[in-house]
Amino acid sequence: MEPYRIKVVEPIPVTTRQQREAALKRVNYNLFDLRAEEVTIDLLTDSGTGALSAAQLAAGMAGDESYSGSRSFYRFHETVTELTGYAHILPAHQGRAAERVLFTTLLERGDLVLSNTHFDTTRANVELNQAEARDLPCPEAKNLDSADPFKGNIDLDALARTLSGPDGSRVAVVVMTITNNGGGGQPVSMENLKRTAALCRQHGVPLFLDAARFAENAWLVTRHEQAYRDRTPRQVAEEAFRLADGCMMSAKKDGIVHIGGFIGTNDPELAQKCELLLIATEGFATYGGLAGRDLDMMAQGLTEVTEPSYLAERAEIASHLAHRVRAAGVDIVEPPGMHALYLNAGRLLPHIPPHHYPGHALACQLYLEGGIRSAELGSLYLGEEDEHGNPVKSAPYELVRLALPRRVYTRSHYDHVGETLAKIAKNADQAYGFRITDQSPILRHFRATLEPVPVRR
């Protein structure tokens with residue numbers, strides 16, 4: 001059962017099929033542009049969408065809104081320092097702000113950033129600094145159906161070859177994303193992280209964690225890595241942070257807050273440069289664009305998130321949804337993670353080619369059929385086409401992510417998701433694809449406009 005009871009509730013919008021059809025057409029088939037009141041179950045993201053605890057709200061009431069040196073900052077600083085062990089902590093208003101400050105400081109034109117998988121904003125912030133983001137997922141990640149527990153690992157052989165090869169001098173930083181959001185929400189083993197850290201030290205390259213879901217990664221390590229079965233999630237997390245040279249974090253995930261993040265590093269020179277940029281663009285170094293109450297709620301959330309009872313229930317709710325999705329006849333990226341399930345849209349809708357975006361087609365069907373909002377992670381997100389709409393590059397997999405907000409939905413809500421998918425799967429051949437009518441040069445999936453492509457018979 002859930003290790004909490006519900007103290008405040010919010011009505012859920014319930015719309016008709018006709019209303020949803022009109023809404024989808026109005027926003028040019030981009031689910032990001034739907035109004036919240038048009039969505040019944042919102043699984044677009046787990047970022048900043050969690051429910052605050054009573055203790056977090058109480059901590060927020062004690063927030064000190066001093067511009068400089070607030071009590072809230074020092075409470076936050078103490079909590080993060082104890083967790084991570086880093087000598088320098090800089091608050092930021094969210095993860096992508098931390099990425100921007102860190103990469104703008106760290107990267108130069110032509111640099112190379114290696115990762116198990118960059119997520120969308122991470123890749124964008126690397127490329128905005130005219131550097132190259134290169135993914136090195138482990139070979140096991142290619143088999144979406146395998147139950148290998150650590151498919152989020154980096155490919156150690158590829159990492160070693162790159163660091164010692166002709167591109168080695170270009171590598172400015174290695175980023176390990178825990179859990180691997182762009183790789184199906186799969187965790188990274190501590191053994192893989194240790195060996196990555198050793199390679200980085202050998203070649204004099206800093207290792208940074210993208211630690212947005214560090215607690216969930218730690219929980220899965222305690223479940224599946226033999227050497228850590230007697231450790232607590234907090235102990236695993238502390239060790240993971242100390243293996244790296246620093247981190248960037250969106251606390252909107254495993255900080256369980258609506259806004260917030262931070263940069264942590266042991267490098268005093270890098271910290272000083274980041275601080276100067278932070279002050280110029282985000283806010284003074286002791287608030288980083290956040291209110292004092294946000295810093296206090298973040299500190300409390302970072303304490304609550306490693307509680308075993310909380311993490312056990314989070315894993316169980318993901319497992320429950322995975323069971324319902326499989327029963328509906330829809331394949332997922334196995335094994336199910338904790339922050340999201342990834343639907344194999346390419347397998348469900350084989351009649352829709354990649355350049356007509358089967359993942360986006362499934363996401364639209366989920367909304368039309370059940371008022372469920374989700375996110376495509378396929379060729380709309382990663383693909384490229386020429387000016388005539390012909391495919392130049394397609395994604396390796398056509399996926400739809402069902403992100404699970406923390407402490408928000410109950411099992412009956414996720415039962416509705418399973419029932420909706422079952423209806424879609426029964427008439428999967430009726431789903432239609434899309435073409436892009438307008439797009440931005442980067443992060444196109446956020447702002448693209450689309451139109452349906454009729455199914456050819």
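Ring pairs join F73, Y74, F76 and F262 into a cluster.

Q: What kind of structure is this, and how are its residues numbered?
A: This is a predicted model, in which local features need pLDDT of at least 70 and side-chain atom pairs count only at pLDDT 80 or more, while totals for chains, interfaces and linings use all residues. Residues are numbered from 1 along each chain as its sequence is written, and side-chain values use heavy atoms, with hydrogens and water left out.

Q: How many aromatic pairs are found in the whole structure?
A: Rings of Phe, Tyr and Trp (its six-membered ring) pair if their centres lie within 6.5 Å, and planes under 30 degrees apart count as stacked, over 60 as edge-to-face and the rest as tilted. The search finds twelve such pairs. The rings of F73 and F76 have centres 6.4 Å apart and planes at 45°, so this pair is tilted.

Q: Is F76 buried or exposed?
A: Buried means under 20% relative accessible area, exposed over 50%, and partly exposed in between, with a 1.4 Å probe and protein chains only. F76 is buried at 0% relative accessibility, and F73 is buried at 6%.

Q: Which residue lies over the face of W219?
A: A charge sits over a ring if NZ of Lys or CZ of Arg is within 6 Å of the ring centre and within 35 degrees of the ring normal. Here R223 lies over the face of W219, at 4.2 Å from the ring centre.
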